[in-house]
Amino acid sequence: GRVVIAGVYHPAVVLAIAVDLWPGRALEVSDVQFYRVVVLDAGVDPEVHVVFTPVDGADAYRFEIASAPDQGVGEWIVHARGRVAPTGAALGAVPGPAALLALTDREFDPVFARREQARTRIGWSPTWWWIRSLRVGADAAVAELEATVADALAWGPIHPALLDNAVGAALMPNIGSGREPVAPVPFAISKLRWWRSPVGRVRIGTRLRPLQGEGDGSMISDF
C-alpha cells in the first residue's frame, strides 16, 4: 500500500494558521473541496504549500493547499481549496452527543470496530485510532475519543486525528450490516466551526443523512 496524508489534515493546518491571524476569535472553515490526497512515496520528499489569499471586502481568506512531488520540483498538484474567517455563530446548532445517544441502540467493542475498519483498503496506524468507546444506531453514533500520544491535543487548535476519528465514528453504523466493509472518504466540508481546543477525552456525536439531489449513495455527516 501507499502512505497518504488524511484529507482532514488540510482544515486542521488551516485552523493552525488562522488562530494566529485572529487571536482569541472563533473560526469557521467553509466550502472545503478535497481534490487529491498527498502521497508520501518512498524516496520522494514532497513540498507542500498553504496559500492564503484575502477575500475582497471581507475579513476572510481563500486558501489553497498544493504540493510538488520532490522538494518543489515538478508540476504542482492542488489538494484542497476553501475559505476561512472568524465567526459569531453560537454553540448548539447541531444536536450534541447527549441528544444523539437516544438514537443509538447497541454498543460496539472498539477493538472489533478497528478490526472491521482494517478490512477496508485504508489502514490506520495504532496511534491514529482514538476511539475508546462506541455506541451506534441506524444513522447515529456516539464515541469517546482519547489521544494515543501524550500532548497530541497541543498540536494545534484541533488535531487531524480527532477529525478523522469523528469521520470514522460517523461511518460505524454500517458495521455489522452484512455488507462488505468499504472506506468512504469525505470529498467536501460545508462548515467546520472552532471555538476552543479540546482537553482530555472528547465525546462526539454523529448523524448521517442522504445528500439531497444525489442518487449515488453520497451522505452528509453532522458531528
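1. Helices (H or I, at least four residues) and strands (E, at least two) are DSSP runs, numbered from the N terminus. By that count the chain has four helices and twelve strands. This is a predicted model: local features need pLDDT of at least 70, side-chain atom pairs count only at pLDDT 80 or more, and totals for chains, interfaces and linings use all residues. Residues are numbered from 1 along each chain as its sequence is written, and side-chain values use heavy atoms, with hydrogens and water left out.

2. Of the 223 residues in the chain, 37% are buried. Buried means under 20% relative accessible area, exposed over 50%, and partly exposed in between (1.4 Å probe, protein chains only). A contact is a pair of heavy atoms within 4.5 Å. Among contacts with a separation of 6 or more, 67% are between residues 24 or more positions apart.

3. The open sheet. Five strands are arranged in the order E4-E5-E6-E2-E10, with antiparallel pairing. Strand E4 (47–54) and strand E10 (188–194) are the edge strands, each pairing on one side only. Neighbouring strands are turned by 20° against each other on average, direction ignored. Pairing requires that DSSP finds at least two bridges between two strands. Axes are lines fitted to C-alpha atoms, for helices over the stretch in contact; angles run from 0 to 180 degrees between N-to-C directions.

4. Bridges within the sheet. E4 and strand E5 (residues 61–68) run antiparallel and are joined by eight bridges. Val51 has Glu64 in E5 as its bridge partner. E2 is joined to E6 by six bridges, again antiparallel. There, Leu27 is partnered with Pro86 of E6. E2 also pairs with E10 over six bridges, in the antiparallel sense. In this pair, Val29 has Leu192 of E10 as its bridge partner. E2 is mostly covered, with six of its eight residues buried.

5. Helix H1 on the sheet. H1 (residues 9–21) packs on the sheet and touches strand E2 (27–34), E4, E5, E6 and E10. Its direction makes about 145° with that of E2. H1 has 13 residues and reaches 19 Å from first C-alpha to last, close to the 18 Å expected at 1.5 Å a residue. The expected span is 1.5 Å times one less than the number of residues. Buried residues of H1 include His10, Val14 and Ala18.

6. The nonpolar core. The term covers buried Ala, Val, Leu, Ile, Met, Phe, Trp, Tyr and Cys residues joined through side-chain atoms within 4.5 Å. The largest such core has 40 residues; Val29, Phe63, Val84, Ile131, Leu134 and Leu145 have the most contacts inside it. Helix H4 (residues 160–170) gives the largest share, six residues. Beyond four places in sequence, Leu145 touches residues including Trp130, Ile131, Leu162, Ala166 and Val202.

7. Thr206 is in strand E11 (residues 202–210). Thr206 counts as buried because its relative accessibility is 1%. Its contacts beyond four places in sequence include Leu100, Asp139, Ala166, Asp222 and Phe223. Thr87 is in the loop between strand E6 (77–86) and helix H2 (97–101). Thr87 also counts as buried, because its relative accessibility is 16%. A polar atom of the Thr87 side chain lies 3.0 Å from the backbone nitrogen of Ala89. Beyond four places in sequence, Thr87 touches Ala26, Leu27, Glu28 and Arg193.

Notes:
Polar contact = N/O pair within 3.5 Å; in protein donor to acceptor, adjacent residues only side chain to side chain.
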